[in-house]
Amino acid sequence: MIEGKMLQFPEGFLWGGACAANQCEGAWNEGGKGPSTADVVPYRPDKVAANIADMDASFAEASAFKDPACKGNFPKRRGNDFYHHYMEDIALMAEMGFKVFRMSIAWSRIFPTGYEMEPNEEGLAFYDAVIDELVAHGIEPLVTLSHYEMPLAISLKENGWESRGTIDLFLRFAKAVFLRYRDRVHWWIPFNEINMVRTSVYVGGGCFKERSQRPLETLQYQITHHQLLASAKCVMLARQLMPEAHIGCMIARLETYPATCNPNDVMKALQENQMNLFYTDVALQGAYPGFAKRHFREHGIELVTEPEDEAILAQGTADFAGFSYYMSYLASCQESAEKNAGNLVASDINPYLQVSAWKWPIDPVGLRITLNRMWDRYHKPLFVLENGLGAFDELGEDGVVHDLYRIDYLRRHIVEMRKAVDDGVDVAGYTTWGPIDLVSQGTCQMSKRYGFVYVDADDEGNGTYARSRKDSFFWYQKVIRSNGADLGSMS
């Protein structure tokens, strides 16, 4: 119980969960789907504490086109087999009371190579079935167009988003799905965590570093520039085709604290927060901020742009800001001997925070801080699109996962989100990551589980893929039913 007045979430608050096609669907070569950049990422058992890596072009090409027997372990080809279990999975979400389900559409399921002039009807029909099933259960679909995958053929031919030509290919995809689903989908996001190209140009931008002539940081921001233009054009197209739809943007929010009260640490934290929010600044405010231009000058970053780019960014501003929140970071002007390698970006260890099994700092208060920071900055609705705890879940003797640690994690974050609402922040909804266990993004593990529903599968793809409810399933059901009022007792 929160001390004092019981805080409330607004009526119509969107509770639910989120996933990505490449981490859950499977069926990588069914229904006319072409190979995607995610389909050639192998299992990395040596990178349990590390995160998403880049890919060599020759390996990616060989894995997709010269290995018809699918030798090797490519977990994202399997996912959690949502492609064949979607009706069961959606029924489980409805049983929990989901108001919204954030999903992505696999670009290569609609345009197998990305260069076709007409979409793949079998791929469109699959998402028709998924969306219809959601709507039939009263669940609002929230669709991400690009979630860490694209047709591999575009990566091999264009070097992904390094090429400006990829914008038009993406818009052809966007227009096809807008037209097909506009009567049933009212929430859209062009790019998942658009800033994560700074961590991997392959995962975030479908780009092979060895094929680019640009310095790495210049390459990262050139990719970003093209994606920001594509996002703005998507917003304009969506408003033309779906005037009542909500079109947002999304980043991985990396809330950063100064390591000490040394003004240099405070300044470094300020600058890291600025560069993290640079992406939403452009997407929501329609222009490159001064601090980013200064960063480009100081680091010798020269972007190739066209005269019309400023007008495109200004006209295509998003309606809401979505973000993922898993952890916070420290900034210090002093080099520390010990870093937390479990973070998405290595940073100093915060002694006030516990860490997960993957050494991700657990900081619920940071969610309230970042909600307030972003509301003060943008005054546009915010949406917590990802939040959750990856853990080694084990079935008890009764065959059930008793994941009190996950309940505690989510409860503490929801409490802080509720406080942010009371602070006056406009929060539209909350979608936990991976409500049905799925393949992790960075390490391709199935054993890094986030879900309320356990999937009987291991890192090698062994198992029945049967679904079973964890303790957290019934807890989240009560949270949604009470609109966040019933969070249970605090541990």
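Is the crossing of α9 and α10 left-handed or right-handed? The tour reaches the answer at its second stop.

Residues are numbered from 1 along each chain as its sequence is written, and side-chain values use heavy atoms, with hydrogens and water left out. The model is predicted, so to speak of local features takes pLDDT of at least 70 and side-chain atom pairs count only at pLDDT 80 or more, while totals for chains, interfaces and linings use all residues.

Within it, pick β7 (residues 320–324) and β13 (residues 382–386), which pair in the parallel sense over four bridges, and find Ala-321 opposite Leu-382 in β13.

Next, select α9 (residues 216–241) and α10 (residues 263–285), which pack at an angle of about 25°, with their axes 10 Å apart (axes are lines fitted to C-alpha atoms, for helices over the stretch in contact, and angles run from 0 to 180 degrees between N-to-C directions). That angle makes α9 roughly parallel to α10, a term for angles under 35 degrees, and the crossing is right-handed, meaning that the near helix is turned clockwise from the far one by less than a right angle.

Finally, show the side chains of Tyr-221, Thr-224 and Leu-228 in α9, which meet Met-275, Phe-278, Tyr-279 and Val-282 in α10.

Notes
Helices (H or I, at least four residues) and strands (E, at least two) are DSSP runs, numbered from the N terminus. Angles under 35 degrees count as roughly parallel, over 145 as roughly antiparallel, 65 to 115 as roughly perpendicular and the rest as oblique. Contact means heavy atoms within 4.5 Å. Two strands pair if DSSP finds at least two bridges between them.
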